[in-house]
Amino acid sequence: MNKETAIILELDNLVKYYGSGDNLVRAVDHTSLQIERGKFTAIVGRSGSGKSTLLHLIGGLDRPDEGRVLIEGKDIFSLKGDRLAQFRRKKIGFIFQDYNLIPALNVWENVVLPLGLDNRKVNRQEVEQILKKIGIEDKKSAMPNVLSGGQKQRTAIARALVTKPAIILADEPTGNLDSQTELEVISLLKKCVQDFGQTLVMITHDETIAQMADRIIAIEDGRAVN
């Protein structure tokens, strides 16, 4: 595989500042990175180091002051409005610490929601396969309020996988789970992205989880230090 096809994500001199003067916060400060396709990359750093801001920029949820984010060679911020939203739905899956499930929808409906938003047909067999692999095939009709934290996070993982995105971005995805469930969920997520040929970028403060990654990137004061 040549260099062009190996690199799925590139950050080029990315900058995001908040405030001004004495209150200036350099959340992301001239950061450049390359991430390889199919790898599990952990981004670590202290609270306030810029990890979440960086992830939001990678995912197109926030716009940088300077610099570019290239996914499969495409500068995502060259896209405007609906075109960026469409690109994001097709290419990026998100997993958040607080699950972000819709309370009024059951597990199946939550999982297939991104397909409906993108006017894509639901392949029931593929969704069933993901639910089985995730271990919640028996919870399809369950509402979020009766699920355990681990089951909610598995549902969120299935939702991120269902659109077959190139990249999955996970922001402290096990922060609300006990240590045993945490390791189960991360092991499961790692196996799924391997099986489906996806790339995983995860923010974590947990050293044990970081050590499960193929690569660890440390962020200090808005900059990658390794």
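## A buried Glu172 and its loop

Let's start with Glu172, which counts as buried at 13% relative accessibility. This is a predicted model, and in it Glu172 sits in the loop between strand 7 and helix 7. The backbone there is worth a look too: phi of Glu172 is positive, about 45°, although the residue is not a glycine.

Tyr99 belongs to the loop between strand 6 (92–96) and helix 4.

## Helix 6 against helix 7

Two packed helices are described by the angle between their axes and the distance between the axes. For helix 6 (residues 149–162) and helix 7 (residues 179–195), the axes come within 10 Å and cross at roughly 15°. Angles under 35 degrees count as roughly parallel, so that is how helix 6 and helix 7 run relative to each other. Their crossing is right-handed.

Who does the touching? On the helix 6 side, the residues are Gly150, Gln153, Arg154, Ile157 and Leu161. They meet Thr181, Glu184, Val185, Leu188, Leu189 and Cys192 of helix 7. By class, the residues of this contact split into 6 nonpolar, 3 polar and 2 charged.

## Helix 5 against helix 6

Helix 6 also packs with helix 5, here at an angle of about 145° and with the axes 10 Å apart. Helix 5 passes helix 6 in a right-handed crossing. Helix 5 brings Val127, Ile130, Leu131 and Ile134 to the contact, and helix 6 answers with Arg154, Ile157, Ala158, Leu161 and Val162. This contact has 8 nonpolar residues, no polar ones and 1 charged one.

Some helix 6 names turn up in both contacts. Arg154, Ile157 and Leu161 are among the residues that meet helix 7, and Arg154, Ile157 and Leu161 are also among those that contact helix 5.

In soluble globular proteins, nonpolar side chains tend to be buried together. The largest nonpolar core in this model has 40 residues, and those with the most contacts inside it are Ile95, Ile134, Leu200 and Met202. Several elements give two or more residues to this core: strand 3 (40–44), helix 4 (107–117), helix 5 (124–134), helix 6, strand 7 (167–171), helix 7, strand 8 (199–203) and helix 8 (207–210). There is also a second, separate core of 28 residues, which includes Leu33, Ile92, Ala166 and Ile217.

What does Ile95 touch, leaving out residues up to four places away in sequence? The list is Gln153, Ala156, Ile157, Ala160, Ile168, Leu169, Ala170, Asp171, Pro173 and Leu189. One of these partners, Ile157, also takes part in the contact of helix 5 with helix 6.

## Helix 2 and Thr53

Helix 2 is mostly covered, with 6 of its 8 residues buried. The buried ones are Lys51, Thr53, Leu54, Leu55, Leu57 and Ile58. Just after helix 2 comes Gly60, with a positive phi of about 75°.

Take Thr53, a residue of helix 2 (residues 51–58). Thr53 counts as buried at 17% relative accessibility. Setting aside neighbours within four places in sequence, the contacts of Thr53 are Lys16, Tyr18, Ala27 and Val28.

Ile7 is part of strand 1 (residues 7–18). With a relative accessible area of 16%, Ile7 is buried. Not counting residues up to four places away in sequence, Ile7 touches Gln34, Ile35 and Glu36. For a sense of scale, Ile7 and Ala170 are 163 residues apart along the chain, and their C-alpha atoms are separated by 19 Å.

Met212 sits in the loop between helix 8 and strand 9 (215–220). Leaving aside neighbours within four places in sequence, Met212 is in contact with Phe40, Leu183, Ile186, Ser187 and Lys190. Met212 and Val225 are 13 residues apart along the chain, with 20 Å between their C-alpha atoms.

Conventions: Residues numbered from 1 in each chain as written. Predicted model: local features only at pLDDT ≥ 70, side-chain atom pairs only at ≥ 80, totals over all residues. Heavy atoms only, no water. Axes fitted to C-alpha atoms, helices over the stretch in contact; angles between N-to-C directions. Helix = DSSP H or I, 4+ residues; strand = E, 2+ residues; numbered from the N terminus. Parallel < 35°, antiparallel > 145°, perpendicular 65-115°, else oblique. Left-handed = near helix turned anticlockwise from the far one by under 90°. Contact = heavy atoms within 4.5 Å. Nonpolar A, V, L, I, M, F, W, Y, C, P; charged D, E, K, R; others polar. Core = buried A, V, L, I, M, F, W, Y, C linked by side-chain atoms within 4.5 Å. Buried < 20%, exposed > 50% of the residue type's maximum accessible area, 1.4 Å probe, protein only.
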